[in-house]
Number of protein chains: 2
Amino acid sequence: MNLLDLCFGKPLAASDERAEQLGVASGIPIFGLDALSSAAYGPEAALTLLIPLGAAGIAYIVPISSSIIVLMAIVYFSYRQTIAAYPGGGGSYTVASENLGVFAGLLAASALMIDYILTVAVGISAGVGALVSALPKLLPHTTLLCLGILVLITFINLRGMRQAGIIFMVPTYLFIGTLLAALAFGVFKSIVSGGHPVPVAMPPTAPSSAVAAASVWLLLQSFANGCTAMTGVEAVSNGVRAFREPVVNTARRVLTIIIVLLMVMLAGIAYLVRAYHIAATDPGLPGYQSVLSMIVAAVAGRGVFYYVTIGSVLTVLALSANTAFADFPRLCRAISLNGYLPDSFSLRGRRLVYSQGVYFLAILAGSLLIVFRGVTNRLIPLYAVGAFLAFTLSQAGMVAHWKKNKGRGSGRSMFVNGLGAVATGATVIVVLVAKFIEGAWVTAVLIPALLLLMMAVKRYFVRVEDEILTREPLEIAAVKPPMVVLPVYRWSKPIQKGLRFAFTISADIHVVHVCKEDQKEQLKDEWASLVEEPARRAGLPVPKYVELQSPYRLVITPVVDYVLMLQVENPDRQIVLIVPELIELHWYHYFLQSNRGELLKGLMLLRGNQRVAIVNVPWYLTGT
Amino acid sequence: MNLLDLCFGKPLAASDERAEQLGVASGIPIFGLDALSSAAYGPEAALTLLIPLGAAGIAYIVPISSSIIVLMAIVYFSYRQTIAAYPGGGGSYTVASENLGVFAGLLAASALMIDYILTVAVGISAGVGALVSALPKLLPHTTLLCLGILVLITFINLRGMRQAGIIFMVPTYLFIGTLLAALAFGVFKSIVSGGHPVPVAMPPTAPSSAVAAASVWLLLQSFANGCTAMTGVEAVSNGVRAFREPVVNTARRVLTIIIVLLMVMLAGIAYLVRAYHIAATDPGLPGYQSVLSMIVAAVAGRGVFYYVTIGSVLTVLALSANTAFADFPRLCRAISLNGYLPDSFSLRGRRLVYSQGVYFLAILAGSLLIVFRGVTNRLIPLYAVGAFLAFTLSQAGMVAHWKKNKGRGSGRSMFVNGLGAVATGATVIVVLVAKFIEGAWVTAVLIPALLLLMMAVKRYFVRVEDEILTREPLEIAAVKPPMVVLPVYRWSKPIQKGLRFAFTISADIHVVHVCKEDQKEQLKDEWASLVEEPARRAGLPVPKYVELQSPYRLVITPVVDYVLMLQVENPDRQIVLIVPELIELHWYHYFLQSNRGELLKGLMLLRGNQRVAIVNVPWYLTGT
């Protein structure tokens, strides 16, 4: 067990839980990394679509960013109310299912799950993408690098939340600090120079306008891409339970800081993009440079500061996946408590983490990374639909909540959430339409598929419970001892032990000997002296000796067949199959033994029925 | 089970075995592919070392090839005798261990195992290497291609020998046919032109001599490299059992054909290399072309015939791995029958193949391919040591054999095998010395390591047998019924069933209820009506109700602790833990259930002792 401790930390008791809860400083990296890091790809995704407009397109970033910031403010006020109303954790799933019914809740849950999976995939692929464009030699290993980082993050998360917070705090605050400093310095320079700052490192000049004016469709698409900057905002309200007391205040403070930081970043980026005339470069072509890289280089030149900033961007992008790892398992737990996912999702592991959810997320995100070969551009169109659908259902649920819980200020609250629902609902439609062909259709297929799957899981559990649960008292009539079958390959101490055990539970014992092709049948000859006489002397019934032939060289199937035959011939009896098993001293001895016992048990369970039970009689090797 | 049938073929009975045996035509591809295909890399490996001598070096190929052909003839006559003396399979392992003792046998076995693993790795990497130099776009995927081919070959071999023979027959005979035709045509042209044929496609001209004359050291190294052409000759004598009756004659005929073909190829290649002045090109540099490719192009030009020949070379190289797949599992079986490997190696699977050996070989060869990234050049120096060490031990064993079995002609036979032993033994030393630094040291480390591992396995089995085997009759005194523990989470039909089973084997039943943090303790309140009253009415003893607390949220550990506590308090009693288990209707439902039952069994076995047994009482869901 020491190896386990080393890898995953010592097991924690439930009473240690308090200590694992988060304050403001550690809550921001845990729940805000996803939201904050999206500043690195959101504006760029919007600008990339404006490339055809050339230099003339740059100016459009200001209205687009402004509308995203306004949308974000609306969502912020909505979620503040949600946190207060649901201090036990007010994720979209909880809010939608409590107020709009099971179906809406599951729809929100599916949308969120898809969103979290994409968060992990996009975060990692964006980080690796940036790393790879800095070190082109690594390009052929993109997928492998993505999977390596995924494994690392999974590992960190299995160790539990608090350590995760400490590990992620440094890069997050470095990212926030350097990016804000770069933006502030740029804005200062721009104002001092009367709006015409001179870039330290010249950004590539945008081609002159190829298209006369922006079409509404193009602006909508650009807005839809830019909305990816808002993903991750949901995390705080879903994770309220993880915060330190008073949970509502701590959570609200964390949410406020995250949203304000994100707004400042988006506004700063938009301002500097226009001031320095920075146009996006095509991610597919040589000479590509990310928008953030161009801004920082223009403001501060390509010195130490540039590399620290870009380094922290890379780190934070790759680690933004962590938000999903903090939140996805909690979501799965909530769903599983309602029976729509297996209950293993609600069991906390050794380190108070819902380990099953962590594994599940890692596997799904890994599959996405493999299918899309770790290329961010192919993943972006799948994104945002899930997040905004969850936002909409959550806000709509809050409207219903205020309708039910009328009180002081509930009218105002209902208006705030209603505005949020309308705004985010409209955004879902815009994003879905604008990016349907590029990939949003994948999400539009996956979300209902997941929904149906979860409903099928629930149906299954209801059916099983109907079948096995009962309030009837125990029915019991005449108690007959079982018939016992003991398979024997060679006469040994474990077999003697199995036989002694058989005597303790029944007088009706069948010792079954499977003949191997090329083995002398010693056992039959010695049966009388080895077993029959000792049994008679002890005044016990003599076990029956049965010899089985095996045409397929299998030593297992004939035993199972014999048990089934016995069971058919004795309809009023319970049959017990005894499986003697060697238990090794060391785990690596496992590979040395034939796993015959396990195969026998497995096959017996597979082909057995209500009247067959299996007994493992272990024999512990002492090594002496 | 239908999926299994489709992938691996229907299971075969032991009585079907005759039909799976091989004649001459199907035996050549199965046991000769490795030996024959080494004509494609052996001469080239020798020539590559002569590159520094420039055009002057070409002539040395004739004496080097001649000595290899002489060595091959010696080995051939040695093995003819082995086949006759060991019709049950006369691999180096059998011969060495029977005549020179266990240690020599295991040394031969280790050497052979390493050799087979390298055969697979080198065959596949050489094939892929050639493919990749034809299609440079595939270069970054070398390792992946190698592993893909490995999986394919593994799969074919798991389906059984005969199908494997048919699949490999076409490319083998195509290879033999086209290569012999090319060589014969070339020799004919050369003779007609008085020893100065005009190449159809000009081979690259060799640079003029940089070094004045060949040193002995260089010639030795070249000879050592060329000896890789002889690997694979062992296969026939090891696999005699697989041939059709009369086995000795069939096997000898196959061996003769393989050796003669190989000699003709080596001689033809050496002759044409000199006649056409073909120097090897550096495999690491651009413009590289394999020696066989240059010969065929010089003789026949780069037409359809060229591409068919080269295509069959590629296929055969990649498939040469198959020889090892036919032979390695048989070797492992022989070792395991003597107890130096786990006995799962001697169990034939559904298709009469020793499946375990196939898996083992695939995994080891796969590891080599990954470590050496599928580059043949890095693997070649590891090769040949194992093969020649096995040859030597086998021939030396035959000498001892004739010494023991004196009879007509045994003196002559002893001389033949003695000559073989001396010749191959000298070759081992040459190869080991000449290529020690380049990689033979890896083999020199691996062979003893494998030897020690197998001896440790044997020691383990001897120890276990000492501990468990007995000729003592059953000891049995007073039979006391066991104490029974039944863990209960909720009152259900499977639990009722488990309880009814408990009544059939004992009167001393402890029902253990683990309390979850947030669960109402209904069971305790209803215990009297659900269990106690029905038991009293049926005249049965009332089970004891025990409630356990779980600080670590674990529902399993407390049960195990309780069983262990009971066992300590009752030193004269056997304890039985009953584990009710739900058996699903469909395999995919498995993922839905918590595997609590399995975990409980596993942990109980791990922490239990000789007085604790485990009963699985399965409950089969009906789906209604």
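Analyst: A residue is called buried if 20 or more other C-beta atoms lie within 10 Å of its own, exposed if 12 or fewer do, and partly exposed in between, with C-beta atoms placed from the backbone. Helices (H or I, at least four residues) and strands (E, at least two) are DSSP runs, numbered from the N terminus. This is a predicted model, in which local features need pLDDT of at least 70 and side-chain atom pairs count only at pLDDT 80 or more, while totals for chains, interfaces and linings use all residues. Residues are numbered from 1 along each chain as its sequence is written, and chains are lettered from A and ligands numbered from 1 in the order in which they are written.

User: What makes helix α12 of chain A largely enclosed by the rest of the structure?

Analyst: Ten of the ten residues of this helix, residues 291–300, are buried, so α12(A) is largely enclosed. Among these buried residues are A:V291, A:M294, A:V296 and A:A300. The helix is followed by A:G301, whose phi is positive, near 75°. For chain A as a whole, which has 624 residues, the buried share is 47%.

User: Why does B:S92 count as buried?

Analyst: B:S92 has 31 C-beta neighbours inside 10 Å, and it therefore counts as buried. The residue belongs to helix α5 (residues 92–100) of chain B.

User: Which residues does B:S92 touch, not counting residues up to four places away in sequence?

Analyst: Two residues are in contact if their C-beta atoms, placed from the backbone, lie within 7 Å. On that basis B:S92 touches B:A108, B:L112, B:E234, B:A390, B:L393 and B:S394. With B:S394 the separation is 302 residues in sequence, whereas the C-alpha to C-alpha distance is 4.4 Å.

User: How do you know that the two copies are related as by a two-fold rotation axis?

Analyst: The copies are superposed by least squares on the C-alpha atoms of residues with pLDDT of at least 70 in both. Chain B is brought onto chain A by a rotation of 179° with 0.2 Å of shift along its axis, at an RMSD of 0.3 Å. The two copies are thus related as by a two-fold rotation axis.

User: Why is it said that the copies meet through the same surface?

Analyst: Of the interface residues of chain B, 97% are also interface residues in chain A, so the copies meet through the same surface. The contact takes 70 residues from chain B and 68 residues from chain A. On the side of chain B that touches chain A, the largest share, nine residues, comes from α19(B).

User: What makes β5(A) and β5(B) a pair of strands?

Analyst: Two strands pair if DSSP finds at least two bridges between them. Three bridges join β5(A), residues 612–620, to β5(B), and these strands run antiparallel. In this pairing A:V615 has B:V615 as its bridge partner, and A:I614 stands opposite B:N616. Within chain A, strand β4 (residues 575–583) pairs with β5(A) in the parallel sense over nine bridges, where A:I583 has A:Y620 as its bridge partner. β5(A) is also mostly covered, with seven of its nine residues buried.
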